[in-house]
Amino acid sequence: MLLLLLFAAIAIIAAILVVSMKNIMHCALFLALFLLSVAGIFFCLDADFLGIVQILVYVGGIIVLILFAVMLTSRVSSALLEQTNEQKGLAITACLLLASAITAAAFRTPLVTSFYTADPEGTTRSTGELLLTVYALPFEIASVVLLVALIGAIVLAGKKGE
Amino acid sequence: MMLLPFIGLSAIIFAIGIYGALTRRNAIGILMSLELMFNAANINLVAANKFLNLENSIGIIFPIFIITIAAAEAAVGLAIILSLYRQIKTVYVEKINIMKW
Amino acid sequence: MIYASQSLGDLWNWLLQQFAELCGSLGIPEVIRYMVEKGAYAVGLLVFISLTALVMIYMERKVSAHMQLRYGPMWTGGWHGWSQTIADMIKLLLKEDIIPDKADRWVHRIAPIVIFVPSLIGFLVIPFDKYLIGADLNVGILLVFGFSSIAVLSIFMGGWASNNKYTLLGGLRSAAQMISYELPLVLSVLGVIMTVGSLKMSDIVMAQKDVWFLFTPNLLGFIIYIIAGTAEVNRTPFDLPEAESELVSGYNTEYSGLKYGFFMLSEFTNTFIISAIAATFFMGGWNGPSWLPGIVSFLAKTYLIVFLLMWFRWTFPRLRVDRLMDFGWKFLLPLSFFNILMIAVWVLVKK
């Protein structure tokens with residue numbers, strides 16, 4: 001419980017820093033911290049496999065991709081340009097409205113709480129079985145999407161005329 | 001422990017993500033804000049699975065697909081940003097206006 | 001009672017039981033007992049890690065020296081220069097800590113910590129002996145790979161924050177290499193995971209009670225694992241991130257003193273983790289002859305792999321960067337897919 005609060009606090013602070021820091025490299029690093037704390041929240045919520053996937057794919061994959069892009073498009077010295085545009089006030093208002101709307105909607109929805117008790121053997125086995133039986137079609141489609149994204153990214157970012 | 005605090009948490013993170021997507025000038029920053037929003041949705045789903053005991057643990061399966069799509073999105077998005085950077089030497093979205101006159 | 005076949009794991013388990021009884025009689029709450037147990041294990045682990053680093057640095061020097069028909073350090077401390085590493089550590093501690101003027105100070109400072117902490121977490125799930133494992137998690141092996149992928153971030157941070165073209169190039173190369181070789185690394189242990197049907201380290205060790213996976217069709221997986229693991233810890237012939245003749249020292253060029261020490265230390269701890277996982281997954285972990293304590297046979301296997309990696313270093317020349325990528329993506333990755341297919345067929349046939 002205490003751990004969960006800690007992870008949630010880190011997540012919120014890191015998320016705020018991601019959208020407000022000036023240096024885009026620091027933003028990416030705080031995004032990594034945010035993703036790690038989300039993985040921690042997953043662990044606390046009995047989703048151990050998902051937490052590991054979060055670390056492996058997000059921190060090990062996506063953050064590294066983002067860092068690659070940051071490195072190829074900016075320098076340490078050029079990092080002090082203004083990073084936010086002039087719609088700041090409007091955006092803050094809109095976001096506060098949205099967050100309060102979601103929370104209000106959640107409070108009004110009657111939810112029947114029935115706890116999910118995780119298998120002591122972990123969620124890995126059940127996740128794997130579900131992915132290959134009930135969710136086999138979405139699983140295959142996701143793999144095709146990944147393949148398409150792979151080829152698309154190579155075509156878009158690859159050098160021309162080779 | 002109840003579901004509502006988690007919905008609140010994910011609403012806050014989602015709102016922060018929206019704020020970032022609206023105000024960032026750097027295209028990579030916008031992509032990072034998108035990742036924040038994806039994660040807000042994931043927290044929501046996992047918490048729902050824990051406290052509502054969804055059928056077929058869909059709250060654990062669905063985030064896996066979301067993470068997959070997020071990976072594909074990041075790869076393609078960053079590839080687009082890189083090829084834009086090669087052509088017009090900037091990643092600031094208000095300067096990317098070659099389609100308008 | 002401690003029984004006859006004394007081993008460190010049994011001793012640890014006996015101590016834990018005694019402690020639990022003591023706590024029960026004194027009425028100490030469960031939480032505090034748990035924290036004291038894990039804290040004691042963590043302290044033991046830290047001592048072990050520093051000793052391991054000392055031993056491995058000395059070993060690296062001596063092995064490389066003898067492979068080149070030299071003696072290596074011979075004078076410091078007397079017998080075969082045994083205290084050379086300690087002297088070097090004191091030197092590193094006393095050195096001035098320089099941060100380059102144009103560097104990004106915070107990122108530059110944090111990078112050594114970010115590389116060192118994940119390698120410590122990796123040690124938590126390594127089964128040294130029967131009861132000697134920090135946390136026998138359900139996702140055990142994935143935890144090691146997940147946290148070792150954080151090391152890429154640190155190399156990026158170090159390379160970028162130093163604001164130096166050599167470090168930047170080293171960081172970019174290293175990240176590309178580690179991402180590429182992480183795929184074959186994870187896929188090669190997948191064969192073992194499929195054979196056992198569990199991600200738990202203790203289950204994987206127990207499954208090799210009779211025959212090591214090295215002597216089953218998983219041999220191909222072992223070979224892929226060793227190659228990809230060498231690349232993952234940036235050792236020769238895959239040490240492009242710190243190719244001395246091209247990039248000065250790669251991503252850690254601008255580091256000095258204790259921070260450089262952390263980078264070096266994490267290189268050795270990562271090598272140890274990779275070797276320990278090889279020993280656990282393919283060579284039976286702490287299984288061994290009954291007269292040998294489990295931890296001895298585990299460490300012997302691990303150091304055999306460490307020696308193998310050091311042998312590679314003085315046998316193969318460094319690869320060119322494009323050939324490295326070609327080798328990873330066009331040869332090793334398809335081979336590991338083939339390995340998975342083969343193991344799947346084998347598992348089905350065995351059933």
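Just after H9(C), Asn234(C) takes a positive phi of about 60 degrees. Helices (H or I, at least four residues) and strands (E, at least two) are DSSP runs, numbered from the N terminus. This is a predicted model: local features need pLDDT of at least 70, side-chain atom pairs count only at pLDDT 80 or more, and totals for chains, interfaces and linings use all residues. Residues are numbered from 1 along each chain as its sequence is written, while chains are lettered from A and ligands numbered from 1 in the order in which they are written.

Reader: How far does helix H9 of chain C reach from its first C-alpha to its last?
Author: H9(C) covers residues 219-232, which is 14 residues. The expected span is 1.5 Å times one less than the number of residues.

Reader: How many residues of H9(C) are buried?
Author: A residue is buried if 20 or more other C-beta atoms lie within 10 Å of its own, exposed if 12 or fewer, and partly exposed in between; C-beta atoms are placed from the backbone. Among the buried ones are Phe222(C), Ile226(C) and Glu232(C). H9(C) is largely enclosed by the rest of the structure, because the buried residues number 11 of the 14.

Reader: Which helices do the buried residues of H9(C) pack against?
Author: Contact needs C-beta atoms, placed from the backbone, within 7 Å. The partners belong to chain C. They are H7 (165-196), H11 (257-282), H12 (294-313) and H13 (321-350).

Reader: What is the radius of gyration of chain B?
Author: Chain B has three helices and zero strands. The radius is taken over C-alpha atoms, and the globule rule is 2.2 Å times the number of residues to the power 0.38. For 101 residues the rule gives 13 Å; chain B is well over that, so it is more spread out than a compact globule, with a radius of gyration of 17 Å.

Reader: Which element gives the largest share of the side of chain B that touches chain A?
Author: Here 61 residues of chain B are in contact with 70 residues of chain A. Helices H1 (3-23), H2 (27-52) and H3 (58-88) of chain B each give two or more residues. The largest share, 21 residues, comes from H3(B).

Reader: How far apart are the closest C-alpha atoms of chain B and chain C?
Author: Chains A and B share the most contacts of the two pairs of chains in contact. No contact joins chain B and chain C. Their closest C-alpha atoms lie apart by 14 Å.
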